[in-house]
Amino acid sequence: MDERTAISVDNLSKMYKLYDRPMDRLKEALGLSRRKCYKEHYALRNISFKVHTGETVGIIGTNGSGKSTILKIITGVLSPTEGEVTVNGRISALLELGAGFNMEYSGLENIYLNGTMIGFSREEIDARLTDILEFADIGDFINQPVKTYSSGMFVRLAFAVAINIDPEILIVDEALSVGDVFFQAKCYHKFEEFKEQGKTILFVSHDLGSVSKYCDRVILLNRGEKLDEGSPKAMVDLYKQLLVGQEPVKQAEEEALSEPCRNEKWSTGFSVNPSCLEYGDKQAEIVDFAVLDEKGNLTNVIEKGSSFQIKIKAVFHKHIQEPILAYTFKNIQGTEITGTNTMYEKAGSIRSEAGDVCIATFTQKMDLQGGEYLLSFGCTGYQDGEFTVFHRLYDVCNVTVISSKNTVGFYDMNSQVKFENGEAI
C-alpha cells in the first residue's frame, strides 16, 4: 500500500445470516439440512475507498446504511464477508465508549487495563496518565469502582482514555457529543488539535455541521452501498435528499443539471449559481426570488446591521394542503448558519389551489458577520399527512455581507458596553 494511504478499503462486503427460527440455525450448525435455512442480509456491499495520511474523511448516511459496521471492520471488531481492509498506522477508535471496562475495577485500574489491551506498556501508560486524568476531570472518583460512576463520569473517563494515547489514525463514531456541554467543547478542541497535528481521522456523525466543518472529504452510504463521495457540501446536500425520501440528484459540481435554475423577473438581477442543486416533485414550484436592501433595491450585498428582505415566489400546480416556504443561509463550507420558514414564523395559511401564485416576504435585520454566504430556498409541506418536498433550490445565489466591525463566530451579539469606576477588591 502507498505510504500516503492510511486506510484502504477494497470491495468490502458484510453479510449476515437471518434465521426465521432458532431451530434453523441449529440445523445448519449441525449440518442436518441440505437447503439454505437463512436469508442473506448485506450490511455492506462492494464498498471501496481510500483515506490518505493526514486527511479527515467523514462517513454519513441514513440509519442502517452500514456506517458503524464499516468502522468495526476497519478496527478489527468485525470480520468482513468479502473484500480487504489495509491499515497503515496505529489506530485509536472511539466506537462503543467503555467497551472492555471491568465494572468491578476502579477507574485507575481500568486505565491500565485498557492501555494494555491497546498495546501499551505500563511505562507508556504512566507517561500519559496525567493527561488522561486531567481530561476526564472526575476527581477522587478515579479510585472508586466504575460501577459506582454516573453515566456522565463513565463516558468522560472512557473518552479520556481513548483520546490520549497519541494514535496515528483516529476513528470516531458519534463519540464527540458525550457528557455535558463543557466536556463536549473539550472533546471538539481535542479533535481540532488532532487535525492541526496532521493526524488521519475517519469520522461518522449525524451532526452535519461538524461533518461540514471538520471533514476534507465525505463518503455517502445508503442501505449498505456507497452512493458517492466528494466535498462535504455536495454530500450533505445529497444526504438531505435521502432524508426526505427523494431519489438523490447528483451535485452539479461534477455534472450539469438537465434543467438550470429559473431566471425570471427579480432573479435576473442576480448572479444565479449555474450549478445549484434542484429537486422535488414540483407539485408546487419556486419560480422567482429576490433579496432587497433597506431601501428596497434588488441586491446581493447587504450591510451588517441593516434591515433587508427576502422574497420567494411560488406557483402551485396542484392543491397543496399546508405549504411551507423557507430560506437558509450557509457559509461557503456548506454549514447551515441560519434560516426560517413560514411555519416557524406562524405566518398563517395561504391560498394554495392549483394555479395559485404566492409571494412570501421575509423581513429581518442582518446580524451575520461580514463575509460571503450562500442562499437556499425551499417549498415543502404536508400532503395527506406526509411531509413532502415540493421544490428545493440549494445555493442558488450568493449574498455578501459588508461590515465595519466583525466579532467572534457567525453572529454579532450587538452588545452595549459601559464603563464605570469602582473600588478595588
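## Close-up views of a predicted model

A search of the whole structure finds 15 aromatic pairs. Rings of Phe, Tyr and Trp (its six-membered ring) pair if their centres lie within 6.5 Å; planes under 30 degrees apart count as stacked, over 60 as edge-to-face and the rest as tilted. This is a predicted model: local features need pLDDT of at least 70, side-chain atom pairs count only at pLDDT 80 or more, and totals for chains, interfaces and linings use all residues. Residues are numbered from 1 along each chain as its sequence is written, and side-chain values use heavy atoms, with hydrogens and water left out.

**View A. Phe141 and Tyr149 form an edge-to-face pair.** Their ring centres are 6.5 Å apart, with 90° between the planes. Phe141 has 40% relative accessibility and counts as partly exposed. Tyr149, at 10%, counts as buried. Buried means under 20% relative accessible area, exposed over 50%, and partly exposed in between (1.4 Å probe, protein chains only).

**View B. Tyr327 and Phe329 form another edge-to-face pair.** Here the centres are 5.9 Å apart and the planes stand at 85°. Tyr327 is buried at 7% relative accessibility. Phe329 is buried too, at 3%.

**View C. Charged ends sit over the rings of Tyr42 and Phe135.** The charged end of Arg45 is 4.0 Å from the ring centre of Tyr42. For Lys186 over Phe135, the distance is 5.4 Å. A charge sits over a ring if NZ of Lys or CZ of Arg is within 6 Å of the ring centre and within 35 degrees of the ring normal.

**View D. The largest nonpolar core holds 47 residues.** A nonpolar core is a set of buried Ala, Val, Leu, Ile, Met, Phe, Trp, Tyr and Cys residues joined through side-chain atoms within 4.5 Å. Ile60, Ile111, Leu157 and Leu170 touch the most other members. Helix H5 (residues 151–163) gives the most to this core, with 10 residues. Helices (H or I, at least four residues) and strands (E, at least two) are DSSP runs, numbered from the N terminus. Leu170 touches Phe191, Phe194 and Leu202, among others, not counting residues up to four places away in sequence. Contact means heavy atoms within 4.5 Å.

**View E. Three strands form an open antiparallel sheet, in the order E2-E1-E4.** Two strands pair if DSSP finds at least two bridges between them. Strand E2 (38–52) and strand E4 (82–87) stand at the edges; each has a single partner strand, so one side of each is left without a neighbour in the sheet. Five bridges join strand E1 (residues 5–19) to E4 in the antiparallel sense. Val87 in E4 is the bridge partner of Ile7.

**View F. Strand E13 (residues 307–316) is mostly covered.** Eight of its 10 residues are buried. Strand E11 (residues 284–292) runs antiparallel to E13, joined by eight bridges. Ala290 has Lys311 of E13 as its bridge partner. E13 also pairs with strand E16 (residues 357–365), antiparallel, over nine bridges. There, Ala314 has Cys358 of E16 as its bridge partner.

**View G. Met23 has its place in helix H1 (residues 22–30).** Met23 is partly exposed, with a relative accessible area of 44%. From Met23 to Cys358, the C-alpha to C-alpha distance is 62 Å. In sequence, Met23 and Cys358 are 335 residues apart.
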